[in-house]
Structures are given as structure tokens and as C-alpha cells.
Amino acid sequence: MTAEAVTTATTASVEHPKARRNFGDAPVHVALLVVGIVVAIPIVIAFFMSFTPLREIVARANPEVLPDTWTLDNYDKAWNASPFPRYMLNSFIQTGIITVAQVVFSVLAGFAFAMFEFRFKNLLFGLVIGSLIIPFELTFIPNFVLISDLGWANTYQGLTVPFLASAFGVFMMRQFFLTIPRDLYDAAKIDGAGDWFYLWRVMVPLSKGAISAFTIFAFLSAWNQYLWPLVITNEESMRTAQIGIRFFLVNQERNTDWGAIMAGTVIVMIPTLIIFLFAQKQLVKGIAASGLKG
């Protein structure tokens, strides 16, 4: 057998398993594509409906996606028919406070569980993990009663305090910190570095990926809140954008203005879409990296 024949046979034997693996992944890719299309359909419909005049929406006998007449009036109605800028400001303030607090507390608690030894450590961490299985609806009424008794209804404290800490964030950061060699910590202690210095000068820079991923997750979770802001606020000045859409576009004298509602919905979706489009790889990598070591 010539050298060329040997090379050809070797290449074929190497490429064949790879091709077979790629073919085996095809059903998964097709399934993900189908799910992606199904998820994207409502967003696409909302986007095009936001540019459709109300009279055209009402007159349609059959569902259509593209408008016959394009208009920006729906966005003008959504922005000016109510204090929608105030709603957006409230959403950004609420989301910003929750996101920053969850990131800080998760980093601190995750560092403590990963690096320190203290009494009842495993029990406390077990309680943190156990809280993940408790549905929010179970704690909804106690939280509402507590916030109301404190006089925090219709305040930013009421919107944010119940969500300042995240059990998932603590778990995620602890898992990632465990992947960093313990020798770095021992070397830092020998050099005289304190725990606070080691955390912010060594651990945090090494954990930028995981921290960024959790920051994105915390932002999306806080931004999309609906039920809690709905019950804890009853003043128009404290409503968030998601709640404002529910109230400000229903006209009592005629049909609901679906075009304006869709315009408001698109405006509310823009921050989350921007974050997802530009940071989805960071989100996936950070979550994957946080589970490398138990």
C-alpha cells in the first residue's frame, strides 16, 4: 500500500466518526430550530402589529402578519397616552436595585461557602439550595403582609426588598469559586493578603464570566416581574412598565387599542432583547462554567 493510500484511509477513518456525530446532532438542531421558531412567532406578530393602524386590525377577517399600511401612531399613543416614561423609569430603578444587590450578596455568600469553614456550613448551604424548590406563590402572602405592615406599599423598597438576595446566585457563584484552585488562596494568605483583598483583587477578576452571566440572569428576572408589582403598587406613579401596559391602553368607549398595546410591549421588550442578543454567549458560558465542580 502506498503512502498516499495510507494517508487517505487514515483521513477517512478519522473523519467518519466526526461526520457520524454531526449527523447524530441533526435531530437536536432541528428540534431547537422548531422551538426557536415557535417562541419567536409571538414576538414577530407583536412587532408588526405595533406598526398596524387600529382600524386595519379591527377590520381584518383573517389573521395577517404584515400590515397593509405602516404607521408610527401606535408608538406615539403608547408613549404619550399615559405616564409611560415614568413606568419605564420605575422598571429601570427596580431592576437596577435588585440586580446590583443580588450580584453583591451572591458573590459574598458564594465566597464564604466556597472558601471558609464554619459551623453548620453544610446545613446552611442545604437550606439555601432547599429554598430553590419553594415556589414564590407560597411566600407571596407573607411577603405582602410584611411589606404592607412596614408601610412600604407603593415604594421602591416594597418593589425590591423581597428580591435582594438570590439562592440561585449564591449556588452559582459558590460552584464557580470552587473551580478556582485553592492554592491561590493559600498563597495569598502566605503573602499577607486578607480575605476581603483576595476576594475583590483575585476571585472577582477571575470570575468575570460567571458574574456577568448571573448579572444578565438577575436583570432579566427582575425586569420581567409582573405579579408582585401588580399587587404591591396601586398608585400610577409607582407602576412598572409591565403593569402600566395592563392599565393605560384600555379604552372604555371602544375596543382595546391592540396596536398601541403591542407598541408598548415592543418598547418594554427592547432592553431584554438587546441584552440577550449581545450577551447570550456569555450567559451560556457562565452557567456552564459554574457547574464544573460540585
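F214 counts as buried, because its relative accessibility is 1% (buried means under 20% relative accessible area, exposed over 50%, partly exposed in between, with a 1.4 Å probe and protein chains only). The model is predicted, so local features need pLDDT of at least 70 and side-chain atom pairs count only at pLDDT 80 or more, while totals for chains, interfaces and linings use all residues. Residues are numbered from 1 along each chain as its sequence is written, and side-chain values use heavy atoms, with hydrogens and water left out.

## Exercise 1

State how many helices and strands the chain has, and what share of its residues is buried.

Solution. Step one: the chain has 14 helices and zero strands (DSSP runs numbered from the N terminus: helices are H or I with at least four residues, strands E with at least two). Step two: of the 294 residues, 37% count as buried.

## Exercise 2

Find how the rings of F168 and F214 are arranged, and then describe the pair of F214 with F217.

Solution. Step one: the count of aromatic pairs in the model is 25 (rings of Phe, Tyr and Trp, the last by its six-membered ring, pair if their centres lie within 6.5 Å; planes under 30 degrees apart count as stacked, over 60 as edge-to-face, the rest as tilted). Step two: the ring centres of F168 and F214 are 6.3 Å apart and the planes stand at 40°, so this pair is tilted. Step three: F168 belongs to helix α8 and F214 to helix α11, so the pair ties together parts 46 residues apart in sequence. Step four: F214 also pairs with F217, and this pair is stacked, at 6.3 Å centre to centre and 25° between the planes. Step five: F214 and F217 both lie in helix α11, three residues apart, about one turn of the helix. Step six: F168 counts as partly exposed because its relative accessibility is 26%; F217 is partly exposed too, at 36%.

## Exercise 3

Describe the lining of the largest pocket.

Solution. Step one: the pocket holds about 660 Å³ of space (a pocket is an open set of points on a 1 Å grid over the protein atoms alone where a 1.4 Å probe fits, with protein on both sides within 12 Å along at least five of seven lines; lining residues have an atom within 4 Å of a point; the volume is the space filled by probe spheres set on the points, which are joined across faces, edges and corners). Step two: 23 residues line this pocket, and F136, P162, F163, A165 and S166 lie nearest its centre. Step three: α4 (84–115), α6 (136–149), α8 (167–178), α11 (208–223) and α12 (227–232) each give two or more residues to the lining. Step four: α11 gives the most, with four residues. Step five: the lining divides into 16 nonpolar residues, seven polar and no charged (Ala, Val, Leu, Ile, Met, Phe, Trp, Tyr, Cys and Pro count as nonpolar, Asp, Glu, Lys and Arg as charged, the others, Gly among them, as polar).

## Exercise 4

Decide whether T99 and W196 are buried or exposed, and place each in its helix.

Solution. Step one: T99 is in helix α4. Step two: T99 counts as buried, because its relative accessibility is 7%. Step three: W196 is in helix α10 (residues 195–206). Step four: W196 counts as exposed, because its relative accessibility is 58%. Step five: W196 and L108 are 88 residues apart along the chain, and their C-alpha atoms are separated by 9.6 Å.
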